[in-house]
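Please prepare a briefing on the fold, the strand pairing and one of the pockets of this protein. The sequence and structure come first.

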Amino acid sequence: MDTYDLLDAKLRQYTDPGVQDFLHKEVPLGEISTDALRPAMLDVGRIVEWGDDSGIVVGVINAGIGNLNETILAVSCVDGSLFISSRAKEGVINQGTAEKAVDKLLIAMGLGEKDNCSQPASKAGSKRTTLVV
């Protein structure tokens, strides 16, 4: 199993097990320590599971219009990169909630810029999209 398969499996414990449309993002940590993850997650959302054994952190961040839509994220640090798998329940109009939640986390960690963080997302139903910044 690759890192995203592990993250997706973890998210399926908290969402519909049949879901396949997760947003994936890999970000090089550079000079940022993995210790920045916990305070950043608490700053923009809440931690649901701190995976000491698995190394996977699961959290929830509100995003979308008015920050009213929850996004669940699974995050893991592997080989100097931050791997993120996320999913948000979208309505008829896709708000890009998962992307916005990931951007919030990256900005809180010092890995993104407020005006230049978003990347286009995968369309619902696609198998997998990996965004690398």
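Which residue in the turn of the hairpin formed by β3 and β4 has a positive phi? Glycine 64 does, with a phi of about 85°, and 5 residues lie between the two strands. This is a predicted model, in which local features need pLDDT of at least 70 and side-chain atom pairs count only at pLDDT 80 or more, while totals for chains, interfaces and linings use all residues. Residues are numbered from 1 along each chain as its sequence is written, and side-chain values use heavy atoms, with hydrogens and water left out.

**Overall fold**

- The protein chain has 3 helices and 6 strands; these are DSSP runs numbered from the N terminus, with helices being H or I of at least four residues and strands E of at least two.
- Along the sequence, the pattern of the protein chain is α-β-α-β-β-β-β-α-β.
- Of the 133 residues in the protein chain, 39% are buried (buried means under 20% relative accessible area, exposed over 50%, partly exposed in between, with a 1.4 Å probe and protein chains only).
- Taking contacts between residues at least 6 apart in sequence, 56% join residues at least 24 apart (contact means heavy atoms within 4.5 Å).

**Strand β3 and its partners**

- Strand β3 has 7 of its 8 residues buried, so it is largely enclosed by the rest of the structure.
- β2 (residues 45–50) runs antiparallel to β3 and is joined to it by 5 bridges (two strands pair if DSSP finds at least two bridges between them).
- Arginine 46 stands opposite valine 60 in β3.
- The hairpin of β2 and β3 has 5 residues between the strands, and glycine 55 in the turn has a positive phi of about 80°.
- On β4, β3 pairs in the antiparallel sense over 8 bridges, and leucine 73 in β4 is the bridge partner of glycine 59.

**Glycine 64**

- Glycine 64 sits in the loop between β3 (56–63) and β4 (69–78).
- With a relative accessible area of 13%, glycine 64 is buried.
- Beyond its neighbours within four places in sequence, glycine 64 is in contact with Gln95, Thr97 and Lys100.
- Its C-alpha atom is separated by 9.4 Å from that of alanine 88, which is 24 residues apart along the chain.

- Threonine 71 is in strand β4 and counts as buried at 1% relative accessibility.
- A polar atom of the threonine 71 side chain lies 3.5 Å from the backbone oxygen of threonine 97.
- Not counting residues up to four places away in sequence, threonine 71 touches residues including Gly59, Ser86 and Ala101.
- Aspartate 8 belongs to helix α1 (residues 3–12) and is buried, with a relative accessible area of 5%.
- The side chains of aspartate 8 and histidine 24 are joined by a polar contact of 2.9 Å (a pair of N or O atoms within 3.5 Å; within protein, one must be able to donate a hydrogen and the other to accept it, and residues adjacent in sequence count only if both atoms are side-chain atoms).

**Second largest pocket**

- Residues lining the second largest pocket include Tyr14, Val60, Thr71 and Ala88 (on a 1 Å grid over the protein atoms alone, a pocket is an open set of points where a 1.4 Å probe fits, with protein on both sides within 12 Å along at least five of seven lines; lining residues have an atom within 4 Å of a point).
- β4 gives the most to this lining, with 3 residues.
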